[in-house]
Amino acid sequence: MCGLLNAGNIVLDFASAAPSVVKSIRQRDLLNTWLRLYARQQVAPAIWEYQPARLEEELSDLIYYTVDGSGPTPHLIIQSENTRISRAYGHTGKGILLHDYVGPRLAPFVMPAYHECVARGLPIYSVADVDDSSGRIVAYERLLLPFLTEDKVSHIIASVKTFCEDGGFEIKNLMRGNDAPPRPRLRAVIDRDLFHRAPGRIAAADVVELADQSSSSVPAEIIELN
């Protein structure tokens with residue numbers, strides 16, 4: 001199942017995906033923390049509850065937004081500064097509306113993902129290719145995590161990762177350094193398998209069958225874990 005969203009003359013589709021769609025280990029850690037909080041009542045958590053491990057190490061790749069949903073279209077206000085992505089855009093954006101910060105050329109490619117995140121209250125993951133100043137192709141991976149206040153999305157945290165198969169690349173003005181728009185590879189709403197099970201552990205109510213393999217005459221013993 002897909003969601004469709006208009007972005008000017010561009011129609012963007014969002015595929016339905018499970019958390020495994022996210023490939024970055026650090027982004028998966030961020031998502032798993034969100035999923036543990038989501039699993040309690042099947043709704044996005046409050047932002048003050050969100051305390052992932054090694055958060056300090058990720059701050060340069062995170063952008064915090066507040067959401068003003070009072071109008072027909074939600075406005076996102078940037079709350080972070082001095083992030084790696086601010087170098088990609090050429091300047092910091094703290095206190096600026098995201099729509100104004102990215103500008104009219106990039107807004108049709110950027111804003112629909114945020115609007116979908118607000119509308120669905122679910123994580124959004126996207127991957128696009130952009131070119132650096134030397135023409136090297138850079139993968140731009142973005143994970144959006146929503147947070148609620150009084151049952152409405154009031155905050156979004158964006159995790160942005162950049163990767164170049166050719167090795168090093170120039171991040172300065174990456175998003176503004178050429179006229180070529182981003183080339184989307186994937187846009188997905190994470191709406192399936194919304195739980196996190198720690199590896200190597202057995203969840204409550206799983207059924208485990210134990211049998212003595214030394215004698216076929218011994219019946220299997222069924223134990224239900226609660």
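**A helix and its strands**

Tutor: Let's start with threonine 33, which counts as buried because its relative accessibility is 10%; buried means under 20% relative accessible area, exposed over 50% and partly exposed in between, with a 1.4 Å probe and protein chains only. Before we go on: this is a predicted model, where local features need pLDDT of at least 70, side-chain atom pairs count only at pLDDT 80 or more, and totals for chains, interfaces and linings use all residues. Residues are numbered from 1 along each chain as its sequence is written, and side-chain values use heavy atoms, with hydrogens and water left out.

Student: Which helix is threonine 33 found in?

Tutor: Helices here are DSSP runs (H or I, at least four residues) and strands are too (E, at least two), numbered from the N terminus. Leaving aside neighbours within four places in sequence, threonine 33 is in contact with Tyr50, Gln51 and Pro52, contact meaning heavy atoms within 4.5 Å. The helix that holds threonine 33 is H1.

Student: Are the rings of tryptophan 34 and tyrosine 38 stacked or edge-to-face?

Tutor: Rings of Phe, Tyr and Trp (its six-membered ring) pair if their centres lie within 6.5 Å; planes under 30 degrees apart count as stacked, over 60 as edge-to-face and the rest as tilted. The structure holds 3 aromatic pairs. In the pair of tryptophan 34 and tyrosine 38, the centres are 5.0 Å apart and the planes sit at 20°, so the pair is stacked.

Student: How many residues apart in helix H1 are tryptophan 34 and tyrosine 38?

Tutor: Both tryptophan 34 and tyrosine 38 are buried. Helix H1 covers residues 25–38, and the two are separated by about one helical turn because they are apart by 4 residues.

Student: How many of the residues of E6 are buried?

Tutor: The buried residues of H1 pack against several elements, including strand E6 (137–149). E6 is largely enclosed by the rest of the structure, because its buried residues number 11 of the 13.

Student: How many bridges join E6 to E7?

Tutor: Two strands pair if DSSP finds at least two bridges between them. On one side, E5 and E6 pair in the antiparallel sense over 8 bridges, with valine 130 opposite valine 138 in E6. E6 and E7 also run antiparallel, and leucine 143 has serine 159 in E7 as its bridge partner. The number of bridges joining E6 to E7 is 11.
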